[in-house]
Amino acid sequence: MKDFKHRVAVITGAASGIGRALAERCAREGMKVILADVEPGALAEVETHLQVSGGTALAVRADVSQAKDVAALAEKTIEAFGAVHLLCNNAGVATSGTV
C-alpha cells in the first residue's frame, strides 16, 4: 500500500507506547484510525488528541484476549468505516521468562 490517505487502520494497544505512536503516525498520514485498548481513560485521551489534531479516530474498548471483544471491534470498525486496510495487533502483556 503506497497511499494511506482515507484508508482505515485498526491498532490494538493504542492507548500508550508503540500503539499510540502508530496511531498518531497513521492519523498524520490521513488514515481513519480505530483505537483499541483495555484502558478506557487513556484510550479516550488518545481519541480526543487525534481528533483535535484533525484526524479521524474512533476508540473501542477491547481486550484482544477475549473473542467477543475482538468480534465487537471488527463489527464497530466495519459499521463506522466499511473496511480495514491496516491491522496492527500491538496489544500484549510481557512477562519475565522465555517467549
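Val 46 counts as buried because its relative accessibility is 0% (buried means under 20% relative accessible area, exposed over 50%, and partly exposed in between, with a 1.4 Å probe and protein chains only). The model is predicted, so that local features need pLDDT of at least 70 and side-chain atom pairs count only at pLDDT 80 or more, whereas totals for chains, interfaces and linings use all residues. Residues are numbered from 1 along each chain as its sequence is written, and side-chain values use heavy atoms, with hydrogens and water left out.

Val 46 belongs to helix α2; helices (H or I, at least four residues) and strands (E, at least two) are DSSP runs numbered from the N terminus. Apart from neighbours within four places in sequence, Val 46 contacts Ala 14, Ala 15, Arg 20 and Leu 35, where contact means heavy atoms within 4.5 Å. The C-alpha atoms of Val 46 and Lys 68 are separated by 23 Å, the two residues being 22 residues apart along the chain.

Helix α2 (residues 40-52) also forms part of a right-handed β-α-β unit together with β2 and β3. A crossover is right-handed if, with the strands pointing away from the viewer, the path from the first strand over the helix to the second runs clockwise. Strands β2 (residues 32-37) and β3 (residues 56-61) pair in the parallel sense over 6 bridges; pairing requires that DSSP finds at least two bridges between two strands. Within this pairing, Ile 34 stands opposite Leu 58 in β3.

The count of salt bridges comes to 5, each defined as a side-chain nitrogen of Lys or Arg within 4 Å of a carboxyl oxygen of Asp or Glu. In one of them, the closest N and O atoms of Arg 20 and Glu 45 are 2.6 Å apart. Arg 20 lies in helix α1 (residues 17-28) and Glu 45 in helix α2, so the pair ties together parts that are 25 residues apart in sequence. Glu 45 is partly exposed, at 39% relative accessibility, and a network of salt bridges links Arg 20, Glu 24 and Glu 45. Glu 29 forms a salt bridge with Arg 25, with closest N and O atoms 3.0 Å apart. For the salt bridge between Arg 61 and Asp 69, the corresponding separation is 3.4 Å; Arg 61 is partly exposed, with a relative accessible area of 46%, whereas Asp 69 is buried at 14%.
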